[in-house]
Amino acid sequence: VAHVTYAATLLLMATAAGLTWNLQRPRGFEMTDRTNEVLFRMLSEGRGLLLTGGDLHLVQLRSRRPILLDGGGLDALPYAVESAPEMDRILREVYGVDLLNPPDEARFRGSVPPEFTRAVWQSYSREQWEALASRFGVRQVLTPGDWDLKLPVAVRNRTLTVYDIPYNFP
């Protein structure tokens with residue numbers, strides 16, 4: 001009886017795997033990353049930390065570049081509560097968001113509100129960007145394509161822009 005159950009389980013698993021393998025992916029499912037998008041390939045070749053704007057998510061996965069904070073993944077905080085003080089510091093000093101008293105746009109989101117961050121970052125002077133680079137080790141900033149920061153553009157595609165932070169790192 002055990003052999004029959006084992007064989008039936010294997011047959012069921014093989015059938016499920018075969019059916020799943022042949023499923024068509026939903027339209028728009030393809031994710032761009034460093035293997036099929038020039039912008040992400042250039043990010044992967046960069047040095048230092050990358051700063052991501054608003055709720056851009058999975059950028060580290062797509063570029064294989066270390067990021068300061070995944071603005072689209074703040075809902076992971078309950079799983080790593082010990083990171084709260086540093087996350088709060090980054091949110092305050094970089095994104096202008098208070099973790100304990102967030103703006104209305106940030107409530108119940110689990111992500112950094114892009115329009116709030118856009119206004120904060122577009123107000124930063126070049127000197128403020130250089131201070132952030134010095135304090136946090138960030139060398140580049142990735143934003144949605146329609147943002148306009150007071151930094152030189154390194155690369156741009158249809159939807160995203162990468163800015164360089166000109167700073168002489170030690």
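I take contact to mean heavy atoms within 4.5 Å. The model I am reading is predicted.

**Entry 1: helix 2**

I started with helix 2, residues 38-45, and asked which of its residues are buried. They are Leu39, Phe40 and Leu43. Seen down the axis of helix 2, these buried residues fall within an arc of 95 degrees, so they line one face of the helix. I kept the general rule in mind: an α-helix has 3.6 residues a turn, so residues three or four places apart point the same way.

Next I looked up what that buried set packs against. The list has two kinds of partner. The strands are strand 1 (49-52), strand 2 (138-144), strand 3 (153-156) and strand 4 (160-164). Helix 3 (59-63) is on the list as well.

I went through two of the pairings. Strand 2 and strand 4 pair in the antiparallel sense over 5 bridges. A hairpin of 3 residues joins strand 3 to strand 4.

I checked how covered strand 4 is. Of its 5 residues, 4 are buried, so I logged the strand as mostly covered by the under 20% cut-off for buried residues.

**Entry 2: Val155**

I picked Val155 in strand 3. Is Val155 buried or exposed? At 15% relative accessibility, Val155 counts as buried. Leaving aside neighbours within four places in sequence, I found Val155 in contact with Leu39, Met42, Leu160, Thr161 and Val162. Of these, Leu39 is one of the buried residues of helix 2. I also looked up the spacing to Leu142, 13 residues away along the chain. The C-alpha atoms of Val155 and Leu142 are separated by 9.6 Å.

Helix 4, residues 84-95, packs with helix 6. Two packed helices are described by the angle between their axes and the distance between the axes. For this pair I read an angle of about 165 degrees, with the axes 11 Å apart. Angles over 145 degrees count as roughly antiparallel, and helix 4 and helix 6 are therefore roughly antiparallel to each other. The crossing of helix 4 past helix 6 is right-handed.

Which residues meet there? From helix 4 I listed Glu86, Arg89, Ile90, Glu93 and Val94. From helix 6 they meet Leu132, Arg135 and Phe136.

**Entry 3: loop residues**

Ser111 is buried, with a relative accessible area of 11%. Not counting residues up to four places away in sequence, Ser111 touches Asp55, Gly71, Gly72 and Leu74.

Last, I looked at backbone angles. Leu58 is not a glycine, yet its phi is positive, about 65 degrees. Leu58 is in the loop between strand 1 and helix 3. With a relative accessible area of 38%, Leu58 is partly exposed. Arg64 lies in the loop between helix 3 and helix 4. Arg64, also a residue other than glycine, has a positive phi near 60 degrees.

Methods
Residues numbered from 1 in each chain as written. Predicted model: local features only at pLDDT ≥ 70, side-chain atom pairs only at ≥ 80, totals over all residues. Heavy atoms only, no water. Buried < 20%, exposed > 50% of the residue type's maximum accessible area, 1.4 Å probe, protein only. Helix = DSSP H or I, 4+ residues; strand = E, 2+ residues; numbered from the N terminus. Arc of directions from axis to C-beta. Axes fitted to C-alpha atoms, helices over the stretch in contact; angles between N-to-C directions. Parallel < 35°, antiparallel > 145°, perpendicular 65-115°, else oblique. Left-handed = near helix turned anticlockwise from the far one by under 90°. Pairing = 2+ DSSP bridges.
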